[in-house]
Amino acid sequence: MNTQEMLTPNNHGGLIFPLEMFRASALASAIAEGLLAKIKNIVDAQLILTRHATGPLVLVQIEGGVVGDDLAQFWEENMDLALYASQALPRECFAYYMAAEPARKQGLLIAQRGEVVAGDQATEETVPPETSAEEWPLPRLCQQLGVTVDDLASGFSGGPSAAISLMEPSVSDDEQVIRTLAEQPEGPQDDAHPADQRQEHVSDAAPGPAASPAPTSAGPQPSGAPARTPAPNANANAGAEDSMRRSREASEEASMRQQRADTISSDLSVIIDDHGAIVICEAELGDTDILSQYAVRKVAGELPSGIQPSLVDQLQGKRIDFAVRVEFLSEVFIDDKPLTKTFFEAESTALEFGGATLQRLEVLAPRLGRGTLLRRGRDGIFVSRVAKYPLPSAMIERFFDA
């Protein structure tokens, strides 16, 4: 399905990021978390990742009913998805929207590690009439990135593309996605895009000031790097070699992550109760790409890797959660800040179990969502169930030997 053919053709938007080692399942989980937090229906939603045909940039778009009829409007209303996405990416990412109908408007948001780096917005009311098209925010960003607005409007047509479900992102997709996006062109093209000559500068790109004055914007002006002069052919060749090296490293990392996922999924303990299943796995809370597949709000179809297929009928329509050990309180968050001992002792509630007292507190696990932290002394576990869902005693016994 081609999103651009289905939606208003002159209105488009998405996320852009430099191709480095990343985990597609973690990216999809982060974006899904952002949409679900807004009570959005993502049952049929897919993340479409397309690399520029001749440069190391990836364009991320979303397909499915959640998008609606106007892609630009969707991204204007959901620019904060860049904050979620940036937590799963090694460097900055750029969210943008561009609308020509019914009124002309553009917007950008640059995020890194969950923080806003810069932003810009422009409408017909805020931009002087004499302002040229090249002075609007998106063309200036494209100039920095070495692509064109038409490239974005076409969805990086001609570049390698991969899709991953937002509803049930699987870590098993990671290696194939990175391999697909890292595919090299068959040979040099005589009319190669300027991005080939500037790929070593992608990490520095930001919509900084152009040679002519920037238009008045409705949002804060970004303070990015100045435009760079295209490098000579020798540098382009070096950049291509560097891109190939990075793709090899990314492929190796994806392979290692897949091996770890296979090891974890081969040694699961599954505890069934009235609400569904809790998967106990020997992972760490930082293994978000692996754990996310065991956080299913409602089973519809196949079960995640490692759960007995014989349970598929029993678990249809129910939850799947995970439980992992947590060594430090600071691994989880309260109000966007790492949990401290003082706060935990003051706000946690007591849970009597098996003659012992446990302390319980609802917390947030970065990139995984809300859940419950249980501690007895220095031993702690995180369960991806919030307080309204009771925890089975078998799971508590499994961790605390009650």
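Let me begin with helix H5 (residues 137-145), which lies across strand S1 (12-18), strand S3 (57-63), S4, S5 and S6 and runs at about 45° to S5. Contact here means heavy atoms within 4.5 Å, while axes are lines fitted to C-alpha atoms, for helices over the stretch in contact, with angles from 0 to 180 degrees between N-to-C directions. Helices (H or I, at least four residues) and strands (E, at least two) are DSSP runs numbered from the N terminus.

This is a predicted model, in which local features need pLDDT of at least 70 and side-chain atom pairs count only at pLDDT 80 or more, whereas totals for chains, interfaces and linings use all residues. Residues are numbered from 1 along each chain as its sequence is written, and side-chain values use heavy atoms, with hydrogens and water left out.

Turning to the sheet, seven strands make up an open arrangement in the order S6-S5-S4-S1-S3-S2-S7, with antiparallel pairing; two strands pair if DSSP finds at least two bridges between them. Strand S6 (115-123) and strand S7 (161-165) are at the edges with a single partner strand each, so one side of each has no neighbour in the sheet. On average, and ignoring direction, neighbouring strands of this sheet are turned by 20° against each other.

Within it, strand S4 (residues 93-99) and strand S5 (residues 105-112) run antiparallel and are joined by seven bridges, and Ala 95 stands opposite Leu 109 in S5. The loop between S4 and S5 holds Ala 103, which is partly exposed because its relative accessible area is 32%, given that buried means under 20%, exposed over 50% and partly exposed in between (1.4 Å probe, protein chains only).

What of the interior? Leaving aside residues up to four places away in sequence, Ile 31 touches Leu 15, Leu 47, Val 60, Ile 62, Leu 81, Ala 85 and Leu 166.

Finally, the cysteines: Cys 93 counts as buried because its relative accessibility is 0%, and Cys 281 is buried at 3%. With a disulfide taken as a pair of cysteine sulfur atoms within 2.5 Å, the count comes to zero.
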